[in-house]
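Please open the structure in your viewer and keep the selection panel at hand.

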Amino acid sequence: MGNVTVLGAGSWGTALAIVLAENGHNTLLWTHRENQANEINEKHTNQQYLPEIMLPNNLFATSNLEEAVATSEMVVVAVPTKAIREVCEKMMTFLTRKVLFVHVSKGIEPDSLMRISEMLEESLSPTVIEDIVVLSGPSHAEEVVLHHPTTITAASSNLHAAEKVQDLFMNQYFRVYTNDDVVGVELGGALKNVIALAAGISDGLDYGDNAKAALITRGLAEITRLGVKMGGNPFTFAGLTGMGDLIVTCTSVHSRNWRAGNLLGKGMKLEQVLDEMGMVVEGVRTTKAAYQLSLKYEVPMPITTALYDILFNSKDPKVAVDELMIRMKKREIDDLH
Ligand SMILES: NC(=O)C1=CN([C@@H]2O[C@H](COP(=O)(O)OP(=O)(O)OC[C@H]3O[C@@H](n4cnc5c(N)ncnc54)[C@H](OP(=O)(O)O)[C@@H]3O)[C@@H](O)[C@H]2O)C=CC1
Ligand SMILES: O=C(CO)COP(=O)(O)O
């Protein structure tokens, strides 16, 4: 392939740009901050997001979006969910040809309740979209840049496009699978952040491993319940972008969602937590969207609802856990049907 572009020089955009550059592709990383572009070009570092990592010499950055996508055949959208529409609207002012769009963000837009591929379709014209592929799975940037073995999934309704993305990203330490279940992959990636916040709260309360295992498995049950009702393949939720990402996000200190939950569980207020993180915590907005989806699709999501009350109605996390535990008796399996 010719030139490829990654939009967003946070931890994940930078890590993926490194993978692409190391795979030999002409890679340009776009950041909205000129000083960061200069740092990447001159010092080959991104100190704010990936301290102590040297970027490949063939990875270049620009803060000019038009220049970033001018000759690009594949554009990887790696900005947080809340920035996607703004970036797409800017691109629409100068893009005049079709491009392969890959998105790697894990969120659902509150109120519109759109998945990210739907947001891209709405904010970009069909005249500029060759295909849309979502790349998602258990993959902390901090480990990818150390070349630790990582597996991930490229999903698209057009499997040929997913295979193209598989070829571009795959290497010795970065193994890419394909899937045609865009709904399941996008929902799994977004909703695991909600459960990771809850797992962090549980750890912040020192509730131990039993409680966390319960959150992961019952969290997966409610993600699957909603995901299947929205058209996802039930098997996708047992795969890398479902169970896989749920495990990594609920158990890793790299996870911003788990860390934010942990601080909440220790008694810190949400605004203070978000100030302290300095990076995106997608699960907060996604909790609102997931709660709205559970009402829209009439799917019971008790963990999501409890988290919504903690985040947006100031419910005490301990009270929320007590209420989860004393709910009506249930069978384990039949609510998945
Ligand atoms: N980090 C990871 O390991 C993984 C992250 N993801 C997903 O990738 C997405 C991006 O996450 P990540 O890179 O970690 O986030 P970070 O918080 O590390 O970085 C976000 C980047 O986006 C930039 N940005 C924010 N708003 C805008 C805007 N309006 N226009 C242009 N750029 C903007 C930020 O710039 P500034 O510095 O100025 O704030 C920063 O460079 C998220 O959806 C996340 O869930 C998925 C898999 C792994
Ligand atoms: O999605 C991720 C790993 O797969 C990153 O999770 P956090 O956003 O919680 O850090």
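Axes here are lines fitted to C-alpha atoms, for helices over the stretch in contact, and angles run from 0 to 180 degrees between N-to-C directions. Helices (H or I, at least four residues) and strands (E, at least two) are DSSP runs, numbered from the N terminus.

The model is predicted: local features need pLDDT of at least 70, side-chain atom pairs count only at pLDDT 80 or more, and totals for chains, interfaces and linings use all residues. Residues are numbered from 1 along each chain as its sequence is written, while chains are lettered from A and ligands numbered from 1 in the order in which they are written.

H8 contributes Ala190, Leu191, Asn193, Val194, Ala196 and Leu197, and H13 contributes Glu282, Gly283, Thr286, Thr287 and Ala290. Two residues are in contact if their C-beta atoms, placed from the backbone, lie within 7 Å. By class, this contact has 6 nonpolar, 4 polar and 1 charged residues. Ala, Val, Leu, Ile, Met, Phe, Trp, Tyr, Cys and Pro count as nonpolar, Asp, Glu, Lys and Arg as charged, and the others, Gly among them, as polar.

**A second pair of helices**

Now select H9 (residues 208–229) and H14 (residues 302–312), whose axes come within 8 Å and cross at roughly 105 degrees. H9 and H14 are therefore roughly perpendicular to each other. On H9, show Leu215, Arg218, Gly219 and Glu222; on H14, show Pro302, Ile303 and Thr304, which they meet. This contact has 3 nonpolar, 2 polar and 2 charged residues.

**The two domains**

Colour domain 1 (3–180) and domain 2 (183–336) separately; such bounds come from an automatic or database domain assignment. Their C-alpha centres lie 26 Å apart. How many residues of domain 1 are in contact with domain 2? There are 26, and they touch 26 residues of domain 2. On the domain 1 side, H5 (116–123), E6 (129–136), E7 (150–155) and E8 (174–179) each give two or more residues. E7 provides the largest share, 4 residues.

**The ligands**

Move to ligand 1, which has 27 residues around it; Gly10, Trp12, Ala83, Ser105 and Met279 come nearest. A residue is near a molecule or strand if its C-beta atom, placed from the backbone, lies within 6 Å of it. Helices H1 (11–22) and H4 (84–92) each give two or more residues to this shell, and H1 gives the most, with 3. The shell comprises 12 nonpolar, 11 polar and 4 charged residues. Why does ligand 1 lie between domain 1 and domain 2? It does so because both domains give residues to its shell.

Finally, select ligand 2, with 14 residues around it, of which Ser139, Thr249, Ser255, Arg256 and Asn257 come nearest. H8 (182–204), H10 (240–251) and H11 (256–265) each supply at least two residues, and H10 supplies the largest share, 3. Both domains give residues to this shell as well, so ligand 2 lies between them.

Note on methods. Angles under 35 degrees count as roughly parallel, over 145 as roughly antiparallel, 65 to 115 as roughly perpendicular and the rest as oblique.
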